[in-house]
Amino acid sequence: MTIDIRKVTVLGTGVLGSQIAFQTAFSGFEVTAYDINDKALDAARERFVKLSEIYKTQVAGGGDGKAEKAAAGITLRSDLEQAVADADLVIEAVPEVLSIKQDTYTKLSQFAPERTIFATNSSTLLPSDMAEFTGRPDRFLALHFANQVWQFNTAEVMGTPETDPKVYQAVVDFASAIGMVPIELHKEKAGYVLNSLLVPLLNAGMSLSAGGYAEPEAVDKTWRIATGAPLGPFQILDVIGLTTPYNILANSTEPGAAQLAKWLKDNYIDKGKLGISSGEGFYKYSA
Ligand code: NAD
């Protein structure tokens, strides 16, 4: 029997959840967005208005009222039971805190119909860390989006040993249907494909400059010219914002991570240089 996904509920309407909900609605699916209270839902409404402005100007087909229609079509709920009552797929984008995720899946397992597939957008946790709380480990996996889904449209699909291959395939097909490029992982890997490649590159770049070997501009220039990549590691760090890499380094037990965290903090973060969002990081940006 083929698995039909039409009705999608997104849990958490923060940075990523709002983007996933919007992209899914824009692609013609019936979308419900859940958050914990009315205040969070007010913030979600504002996020959807901002996203419709972005889609109008930056996404093919976003004009002619299609972006506004997507925003207006999303049902907002603060009652979890109602939000998932008829969902084919629930995409979870709640805070990256294991206890919050586990608690969310415990409740979801009671409220969602048996057919509902659950997918986590977690960046650093493995689906195996949550599977037992879902009550349906065969219908659970990770579907990991990148920030700014309309532009950086990878969707990494990663199951556990218990995920049903038909469920996995249905989620791969869903990712394509919402305009993502599905990236299939055959086994669980912390960092998926993207961050397994990106984090060592960014750390290597920072080690070169923190160690006094080369300036950030020289590191970036080398990477761009010698590999043809459009951005060097410090340009990428400015796009991400320096706070997230700092938090990852400060919490890491890898050799050298604490020194790199201190270098980032003393030279950039404490001086308000947080990346593009603050107007300056490793480079200066005009408004
Ligand atoms: P965020 O803090 O912007 O948003 C989290 C949302 O969840 C908020 O709206 C909050 O009100 C809501 N929330 C809090 N408690 C909740 C609960 N118990 N149930 C439901 N909702 C609750 O976080 P984010 O950056 O959107 O990250 C969400 C998930 O997406 C995380 O797992 C993160 O690892 C992942 N992710 C983030 C990015 C990124 O660049 N921000 C990229 C890929 C994946």
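Visitor: How many residues line the second largest pocket, and which of them lie nearest its centre?

Guide: This is a predicted model, in which local features need pLDDT of at least 70 and side-chain atom pairs count only at pLDDT 80 or more, while totals for chains, interfaces and linings use all residues. Residues are numbered from 1 along each chain as its sequence is written, and side-chain values use heavy atoms, with hydrogens and water left out.

The second largest pocket is lined by 13 residues, and N203, L249, S252, E254 and A257 lie nearest its centre. Here a pocket is an open set of points on a 1 Å grid over the protein atoms alone, where a 1.4 Å probe fits and protein lies on both sides within 12 Å along at least five of seven lines; a lining residue has an atom within 4 Å of a point. The space in this pocket comes to about 310 Å³, a volume being what is filled by probe spheres set on the points, which are joined across faces, edges and corners.

Two or more lining residues come from each of α7 (194–210), α10 (243–250) and α11 (257–267); these helices are DSSP runs (H or I, at least four residues), numbered from the N terminus. The largest share, three residues, belongs to α7. By class, the lining holds six nonpolar, six polar and one charged residues, where Ala, Val, Leu, Ile, Met, Phe, Trp, Tyr, Cys and Pro count as nonpolar, Asp, Glu, Lys and Arg as charged, and the others, Gly among them, as polar.

How the helices pack may be considered next. The axes of α7 and α11 come within 10 Å and cross at roughly 70°, an axis being a line fitted to C-alpha atoms over the stretch in contact and an angle running from 0 to 180 degrees between N-to-C directions. Therefore α7 is roughly perpendicular to α11, a term for angles of 65 to 115 degrees. The crossing of α7 and α11 is left-handed, that is, the near helix is turned anticlockwise from the far one by less than a right angle. Helix α7 also packs against α9 (residues 233–240) at about 115°, with axes 9 Å apart, so α7 is roughly perpendicular to α9 as well. The crossing of α7 and α9 is likewise left-handed.

As for the wider setting, the domain assignment, which is automatic or from a database, gives domain 1 (7–184) and domain 2 (194–278). Their centres, taken over C-alpha atoms, are separated by 30 Å.

Notes
Angles under 35 degrees count as roughly parallel, over 145 as roughly antiparallel, 65 to 115 as roughly perpendicular and the rest as oblique.
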